Amino acid sequence: MISQHIHKEILLEYEKLADDAKRKLELKKEICYRKCPRIKEIDDELNTTAIKLSKAIINANKIDKDKYLEEIRVLTENLKLEKKKLMKENGFLDGYFKDVYVCDKCKDTGFIDNKKCSCYKQKLINKVYDMSNIAEIIKTENFSSFSMDYYDKEIDEQNGMSPYENMKYIMRRCSIFIEDFDSKFKNMVFYGDSGLGKTFLCRCIAKELLDKGKIVLYVTAKNLFEMFEKEKFNKDDEQIDNQILQLTKEADLLIIDDLGTEFITSLSTTELFDIINSRILLKKSTIISTNLSSDEISRNYSERIVSRLYGEYEMIKFFGRDIRIIKKLKI
Ligand SMILES: [Zn+2]
């Protein structure tokens with residue numbers, strides 16, 4: 001089964017990461033111990049106290065145990081303080097032993113207390129959607145390389161400002177969105193004609209938040225609705241698609257790109273509403289991009305969805321000339 005295959009692949013990756021981390025840690029220890037042998041003594045002592053501690057918890061009676069635990073606590077604390085002091089004196093920074101892990105939260109095991117770590121979930125998403133592709137694309141195309149040159153500076157009568165001014169405003173909204181991501185729950189709909197940079201901005205935001213260690217799920221509406229269809233016939237929770245569907249609710253950021261290109265059924269709109277609504281209740285941010293106009297959005301989707309979008313999302317309009325065409329003309 002594909003899903004088992006993917007999980008196996010991920011576990012193998014963790015094994016490799018853990019091996020790498022172990023090797024790096026050994027090397028770092030060697031360097032550190034050679035420079036200051038007392039630190040090795042402290043580490044050894046800390047290890048033995050940890051063993052003593054677990055033995056004590058099993059054996060001793062209540063009064064002895066408390067006294068003993070307190071002794072060990074004080075001893076451990078002193079050792080740790082001494083180690084910290086020695087590390088500093090010998091020029092080793094605070095996180096010296098820590099940065100061997102790609103994910104410090106689960107120490108590259110993929111699990112915390114038997115639950116999947118956020119890095120595992122992101123790996124799953126990456127496997128299925130090859131999101132690393134996005135990371136690849138954004139290496140050369142990102143916020144800093146985003147060119148405003150293609151946006152007209154002439155005022156658009158209908159919108160009361162120039163596409164250039166509008167784009168500047170949108171860029172500002174996006175950077176605030178990224179900066180405030182941890183403290184503010186916020187949703188956006190990017191709407192307007194195609195070729196104005198909506199997908200590109202979605203990817204930029206995805207990349208920035210991936211770099212911050214957030215779980216980001218980027219999915220096209222077409223893919224999402226296909227998953228709804230498949231789920232109808234296979235409710236198995238082990239299915240990758242179903243796990244991804246679960247993540248549409250759990251991910252720190254969900255980006256649904258190209259809403260309006262999917263095949264709409266009444267079942268799929270119910271599911272879409274369910275995702276949008278769950279995320280609002282969980283206060284998890286969502287970005288939706290669509291080539292539909294606001295009128296078309298209202299016409300195509302159920303009233304429940306439309307009212308959530310207008311009530312809980314900032315509607316950000318893109319307008320101007322298709323920059324892909326302008327780019328081609330210039331070349
Ligand atoms: Zn992790």
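In which handedness of crossing does helix 6 pass helix 7? Some notes on that and on the rest of the fold.

1. Ground rules: this is a predicted model, where local features need pLDDT of at least 70, side-chain atom pairs count only at pLDDT 80 or more, and totals for chains, interfaces and linings use all residues. Numbering runs from 1 along each chain as its sequence is written, and side-chain values use heavy atoms, with hydrogens and water left out.

2. The crossing is right-handed, meaning the near helix is turned clockwise from the far one by less than a right angle. Helix 6 (residues 163-179) and helix 7 (residues 198-211) pack at about 25 degrees, with axes 10 Å apart. Axes here are lines fitted to C-alpha atoms over the stretch in contact, and angles run from 0 to 180 degrees between N-to-C directions. The pair is therefore roughly parallel (angles under 35 degrees).

3. On the helix 6 side, the contact (heavy atoms within 4.5 Å) uses Met-167, Ile-170, Met-171, Cys-174, Phe-177 and Ile-178, which meet Leu-201, Ile-205, Glu-208 and Leu-209 of helix 7. By class, that makes nine nonpolar, no polar and one charged residues.

4. Helix 9 (residues 240-250) is mostly covered, with eight of its eleven residues buried (under 20% relative accessible area, 1.4 Å probe, protein chains only). Among them are Asp-241, Asn-242 and Gln-243, along with Ile-244 and Leu-245.

5. Overall, I see 13 helices and seven strands (DSSP runs: H or I of at least four residues, E of at least two). The C-alpha trace spans about 80 × 45 × 35 Å along its principal axes, and 41% of the 331 residues count as buried.

Methods. Angles under 35 degrees count as roughly parallel, over 145 as roughly antiparallel, 65 to 115 as roughly perpendicular and the rest as oblique. Ala, Val, Leu, Ile, Met, Phe, Trp, Tyr, Cys and Pro count as nonpolar, Asp, Glu, Lys and Arg as charged, and the others, Gly among them, as polar. Buried means under 20% relative accessible area, exposed over 50%, partly exposed in between (1.4 Å probe, protein chains only).
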